[in-house]
Amino acid sequence: MNWARIQAGGCVTAMLLACSTSTWADGASTFDPQQHAGTQLLVDELAAQGIPADWLIETLNQASFSQTVLDAMEGAAERRLRWHEYRDIFLTQQRIEEGADFINEYEDALAQAEDVYGVPPEVIAAIIGVETYYGKHKGRHRVLDSLATLAFYHPVRGGFFRGELAAFLKIAYEQGVEADELYGSYAGAMGYPQFIPTSYEAYAVDFDGDGIRDLWENPVDAIGSVANYFAVHGWQRDGVIYHEANGPDVAPESLPINQTSKPVVTVSESIEAGIEPQSALDPELLVVPLRLELADESIRYRLGEYNFYVITRYNHSHLYAMAVAELSEAIEQQVED
């Protein structure tokens, strides 16, 4: 899912929890603004921006607290799996073959996206393949419930999710969709590419020219939006994602390993520390040293380039970015075969 703009909001959360008058019954909570001071503040803010207060009250009154959502936030796969375990989830033959089918079905839109934004079809397909299995699994949580719960009951990121809830309400109202009928991830990510609401606002594009930015039901808009997201974050046209490398059993302490920040290590510094690319590279090229654990407990090293970093803007995990990279390679090979 798209975690690019998630950040702590503990102070805001504490304030809102302190003023909340929500009631609990059998594990459920009401977000009715007439009973919940936090949602009433949100109504006031959004109404001042032009969204009818009656619509906001009616919509928020349909939100339900979800303990399942709070529990899911604590168990993200990126935080508990090793590389080979994470890889096995996404690098299946079926996902590869359906990725090739996706490219064949939307060949024109993908070609246009590459022409406009410089992002290859297989990379766009891999993102959508990892996120929602090409649109088959867009999430089973009502977005309204997820975001309301996280906005007012997450102990750390409540302030962030309050902003996402506000953005979601704006999108639903402006696009004339029923907010209580939209489903997504436990963290409120939506549609084919699993954009969080603020990313939807910032990066979604009307790629088929029908006047609507629809990421829930329109794969063409999703294709253009993923490509736009990558381009805005600095994707390098025709750039490499990573290089194979050799390295020691124990990671060098002198290098930042598996980081999701911009590359700061030169190839020459990597070699000096014991991680050497398998092919000749510019000694001054900036890379991200990667150390991946395989099922037989051996270690594989790679050096990520700037495009690897760009993929981590979509999800701040080196495992996620490497899964996307490998899936894109496998899809490309499947298309060629």
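Reader: Let's start with the helices. At what angle do the axes of H8 and H12 cross?

Author: Bear in mind that this is a predicted model. The axes of H8 (residues 121-132) and H12 (residues 219-232) cross at roughly 105° and come within 10 Å.

Reader: And why are H8 and H12 called roughly perpendicular?

Author: Angles of 65 to 115 degrees count as roughly perpendicular. The crossing is at roughly 105°, so H8 and H12 get that label.

Reader: Which residues make the contact?

Author: From H8 you have Val123, Ile124, Ile127 and Ile128, and from H12 come Ala222, Ile223, Val226, Ala227 and Phe230. By class, that contact has nine nonpolar residues, with no polar and no charged ones.

Reader: What makes Tyr134 count as buried?

Author: The cut-off for buried is under 20% relative accessible area. Tyr134 has 7% relative accessibility, so buried is the word for it. You'll find Tyr134 in the loop between H8 and strand E3 (141-142). Its backbone is worth a look too: Tyr134 is not a glycine, yet its phi is positive, about 60°.

Reader: Asp238 has a positive phi as well; what is its value?

Author: Phi of Asp238 is near 65°, and this residue is other than glycine. Asp238 is in the loop between H12 and strand E5 (242-246).

Reader: How do you know whether Asp238 is buried or exposed?

Author: Exposed means over 50% relative accessible area. Asp238 has 71%, so it is exposed.

Reader: Then what makes Val116 partly exposed?

Author: Val116 has 44% relative accessibility, so it counts as partly exposed. Its place is in helix H7 (residues 107-117). Val116 and Asn228 are 112 residues apart in sequence, but 8.7 Å apart in space, C-alpha to C-alpha.

Reader: Which residues line the largest cavity?

Author: The lining is Pro256, Gln259, Ser261, Lys262, Pro263, Val264, Val265, Val287, Val288 and Pro289. Strand E8 (residues 286-293) gives the largest share, three residues.

Reader: How does that lining divide by class?

Author: Into seven nonpolar, two polar and one charged. Lys counts as charged, and Lys262 is among the lining residues.

Conventions. Residues are numbered from 1 along each chain as its sequence is written. This is a predicted model: local features need pLDDT of at least 70, side-chain atom pairs count only at pLDDT 80 or more; totals for chains, interfaces and linings use all residues. Side-chain values use heavy atoms; hydrogens and water are left out. Axes are lines fitted to C-alpha atoms, for helices over the stretch in contact, and angles run from 0 to 180 degrees between N-to-C directions. Helices (H or I, at least four residues) and strands (E, at least two) are DSSP runs, numbered from the N terminus. Angles under 35 degrees count as roughly parallel, over 145 as roughly antiparallel, 65 to 115 as roughly perpendicular and the rest as oblique. Contact means heavy atoms within 4.5 Å. Buried means under 20% relative accessible area, exposed over 50%, partly exposed in between (1.4 Å probe, protein chains only). On a 1 Å grid over the protein atoms alone, a cavity is a set of points where a 1.4 Å probe fits but cannot get out, and a pocket is an open set with protein on both sides within 12 Å along at least five of seven lines; lining residues have an atom within 4 Å of a point.
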